[in-house]
Amino acid sequence: MYKYFTKEELTCKHCEEYSMSDEFMKKLDQLREDMGFPFKITSAYRCPEHPIEARKKAHGAHTTGRAVDIAVQGEKAYRLIEGAIELKFKGIGIKQKGQGRFIHLDDIPNSPDRPRPWIWSY
């Protein structure tokens, strides 16, 4: 299916549905190739009923199948962000403090409620 990622790690942890965009996954595979180091996907597709999505006013990028959270920190996080910008990922969320450090990546289109490109911190 994909060179570096399994269907199991990309499915919704709530309903076990798989609904990732092939276009997005090709870009993510390319990022992994460019980085030269493995990274763990902690969250990928989330169904609208997923507890995290159900708490939101509007469904997030993960429900589109065009977003992942990657467990990474330090120099590798910096390199990952550089690579993501090069490959034109449109949304980059950064949590690099405390427990559960990660980088969120998405490539959802620009819209009034979700301006892109955008970088934010959690």
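User: How much space lies in the largest pocket, and what is meant by a pocket here?

Analyst: The largest pocket holds about 230 Å³ of space, a volume being the space filled by probe spheres set on grid points joined across faces, edges and corners. A pocket is an open set of points on a 1 Å grid over the protein atoms alone, where a 1.4 Å probe fits, with protein on both sides within 12 Å along at least five of seven lines. This is a predicted model, where local features need pLDDT of at least 70 and side-chain atom pairs pLDDT 80 or more, while totals for chains, interfaces and linings use all residues. Residues are numbered from 1 along each chain as its sequence is written, and side-chain values use heavy atoms, without hydrogens and water.

User: Which residues are closest to the centre of the largest pocket?

Analyst: Lys 56, His 104, Arg 116, Trp 120 and Tyr 122 are the closest, out of 15 lining residues, where lining means having an atom within 4 Å of a point. Strands E4 (102-106) and E5 (118-121) each give two or more residues to the lining, and E4 gives the most, with three.

User: Why is Trp 120 called partly exposed?

Analyst: Its relative accessibility is 22%. Buried means under 20% and exposed over 50% (1.4 Å probe, protein chains only), so a value in between is partly exposed.

User: What makes Trp 120 and Tyr 122 an edge-to-face pair?

Analyst: Their centres lie 6.2 Å apart, with 70 degrees between the planes. Rings of Phe, Tyr and Trp (its six-membered ring) pair with centres within 6.5 Å; under 30 degrees is stacked, over 60 edge-to-face and the rest tilted.

User: Where else are there aromatic pairs, and how many does the search find?

Analyst: There are five in the whole structure. One of them joins Phe 5 and Phe 39: 5.8 Å between centres and planes at 40 degrees, so this pair is tilted. Phe 5 sits in the segment before helix H1 (7-10) and Phe 39 in the loop between helix H2 (22-35) and strand E1 (40-43), so the pair ties together parts 34 residues apart in sequence. With Phe 37, these two are linked by ring pairs into a cluster.

User: How do you know whether Phe 5 is buried or exposed?

Analyst: Phe 5 has 4% relative accessibility, so Phe 5 counts as buried. Phe 39, at 9%, is buried as well.

User: And is Ala 54 buried or exposed?

Analyst: Ala 54 has a relative accessible area of 52%, so Ala 54 is exposed. This residue lies in helix H3 (residues 51-54).

Conventions
Helices (H or I, at least four residues) and strands (E, at least two) are DSSP runs, numbered from the N terminus.
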